[in-house]
Amino acid sequence: MGKANVVLQHAPDLVDPVISGATGLNEAYAVAQENKAKANSAEVQLARLRQEDPELAERVVEGALTLAGAWAERTERVEEDKRQRRVATRLLDEVVPALAQARGTRTFGRYDPEYASGTPITRETIAHAMTALAEMDQVWQERDLP
């Protein structure tokens, strides 16, 4: 009875062939167990997706995206996030130490817009840079970075 119940729940398309004798109960049970494992695996994957990316999980539940498609998109998002973090880190590694080295020197007093290689620095640019450094300091505090 236990095997028949598993077949009924996880391979209902095999119930009639088992009853008619076209398919053996053991064979149908093996298929039902595979279906059950796949379903459990899908449930586990969806639960994990809900934790990692609720928006993608919701699209799967709505039927707008397959579970495999959602995981592919999740992988792409993770890789893009890593790429963006690498780019941001390199930028900050170049800009912030150079700015820190200019502190206490006459560098700022010697700035001449005529020699600017790009867009000349304005007070607005300085204000934005100060805001960016304050934001950076806040993030470093939140993340408990040195």
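Q: Where is the place of Arg-74?

A: Arg-74 sits in helix α5. Helices here are DSSP runs (H or I, at least four residues), numbered from the N terminus. This is a predicted model, in which local features need pLDDT of at least 70 and side-chain atom pairs count only at pLDDT 80 or more, while totals for chains, interfaces and linings use all residues. Residues are numbered from 1 along each chain as its sequence is written, and side-chain values use heavy atoms, with hydrogens and water left out.

Q: Does Arg-74 count as buried or exposed?

A: Relative accessible area decides: under 20% is buried, over 50% exposed, and in between partly exposed (1.4 Å probe, protein chains only). Arg-74 has 18% relative accessibility, so it counts as buried.

Q: And which residues is Arg-74 in contact with, leaving aside its neighbours within four places in sequence?

A: Contact means heavy atoms within 4.5 Å. With those neighbours left out, Arg-74 touches Leu-49, Glu-52, Asp-53 and Leu-56. Asp-53 belongs to the loop between α3 and α4, and it counts as buried because its relative accessibility is 8%.

Q: At what angle do α3 and α4 pack?

A: Axes are lines fitted to C-alpha atoms, for helices over the stretch in contact, and angles run from 0 to 180 degrees between N-to-C directions. For α3 and α4 the angle is about 140°, with the axes 6 Å apart. That makes α3 oblique to α4, since under 35 degrees is roughly parallel, over 145 roughly antiparallel, 65 to 115 roughly perpendicular and the rest oblique.

Q: Which residues make the contact of α5 with α6?

A: First the geometry: the axes of α5 (residues 67-102) and α6 (residues 123-142) come within 13 Å and cross at roughly 110°. α5 is therefore roughly perpendicular to α6. Leu-92, Val-96 and Leu-99 of α5 meet Leu-133, Met-136 and Trp-140 of α6.

Q: What is a nonpolar core, and which residues form the largest one?

A: It is a set of buried Ala, Val, Leu, Ile, Met, Phe, Trp, Tyr and Cys residues joined through side-chain atoms within 4.5 Å. The largest has nine residues, including Leu-46, Leu-49, Leu-65 and Trp-71. Each of α3, α4 and α5 supplies at least two residues of this core. A second, separate core has six residues, among them Val-6, Ala-11, Leu-14 and Ala-28.

Q: What is the phi of Asp-144?

A: Most residues other than glycine have a negative phi. Asp-144, in the segment after α6, has a positive phi near 55°. Asp-144 counts as exposed because its relative accessibility is 67%.
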